[in-house]
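Thank you all for coming.

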Amino acid sequence: MSSIHRIVLAVLIAFASATALAQQAQPQTAYEPSVGQEGKDVVWVPTPQSLVNKMLDMAKATPADFLMDLGSGDGRTVITAAKRGIRAMGVEYNPDMVALSKRNAEKEGVTSRATFVKQDLFETDFSKATVITMFLLPDINLRLRPKILNLKPGTRIVSNTFTMGEWQADETANADNGCDSSWCTALLWIVPAKVAGSYKTSQGEVTLKQEFQMLTGTLRADGKALALKGKVKGEEISFTAGGKQYAGKLKGKELELQPVTSRGLRG
């Protein structure tokens, strides 16, 4: 190698080293998400804080719960839950959002209760959750619906704005204040027990047909077949038949059923 080539090579090496050092010295720009940015299945739009509060209130979430937020974005729902003493996990596909959420949780001092994972929603195990929150599109809700319906009865599901198709919400409410966007409605579902079937009870033979949480069927007693209509909320069953109200609970394969008076259940 000639002396000229050696000089040129030395200059290039020195320049490359100086450039690398300069880049290391420059502060890294913190990641900032933008409203409407594309994700794996949805675009990101943050849930207004007032609606986050409403969703947690509707779910009656307490420190006894384990909450999972599906598509957790910047982590605000998980962090808000953690501030209430609730163990919460955010599931998010965008790794930059996961990192941002972890930084936000650290700033708020809730890292012991707020965790975040980069994961595909459709490959995530929800079985340990007692509360699930989400702000997903209707078609994604429908794809997740079979999995949700197989969760433990009584699990509370709260969605920002979007529905579950024919599965009607048990409760719908708007944010109390501080919400002036299009995303101000919360919908609550309580996963119903699977109760369809026929049962011999102290009140007669009960046949239940079930569509999500809604019940129809018959109560056969005293030689009469009375049409019934009611609802299952978690594991609690209630219906009317022949102008009377009944309430009960499925225990194993037995339906414990009692008539309801104006003072409550007859003991």
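What you see is a predicted model, in which local features need pLDDT of at least 70 and side-chain atom pairs count only at pLDDT 80 or more, while totals for chains, interfaces and linings use all residues. Residues are numbered from 1 along each chain as its sequence is written, and side-chain values use heavy atoms, with hydrogens and water left out.

The chain has 5 helices and 15 strands, where helices (H or I, at least four residues) and strands (E, at least two) are DSSP runs numbered from the N terminus. Of its 267 residues, 41% are buried; here buried means under 20% relative accessible area, exposed means over 50%, and partly exposed is in between, with a 1.4 Å probe and protein chains only.

Let me move on to the rings. The structure holds 6 aromatic pairs, and rings of Phe, Tyr and Trp (its six-membered ring) count as a pair if their centres lie within 6.5 Å, with planes under 30 degrees apart called stacked, over 60 edge-to-face, and the rest tilted. One of these pairs is F135 with F162, which is stacked because the ring centres are 6.1 Å apart and the planes stand at 20°. F135 lies in the loop between strand 4 and helix 5, and F162 in the loop between strand 5 and strand 6, so the pair ties together parts that are 27 residues apart in sequence. Both F135 and F162 are buried. F162 also forms a tilted pair with W183, at 5.8 Å centre to centre and with 50° between the planes. W183, at 26% relative accessibility, is partly exposed. Through these ring pairs, F135, F162 and W183 are linked into a cluster.

Now to the single residues. Leaving aside neighbours within four places in sequence, D65 is in contact with several residues, among them K60, R87 and R156, where contact means heavy atoms within 4.5 Å. K60 lies in the loop between helix 2 and strand 1, yet K60 is exposed, with a relative accessible area of 65%. K60 also has a positive phi of about 50°, although it is not a glycine. F212, likewise not a glycine, has a positive phi of about 55°, and F212 counts as buried at 19% relative accessibility.
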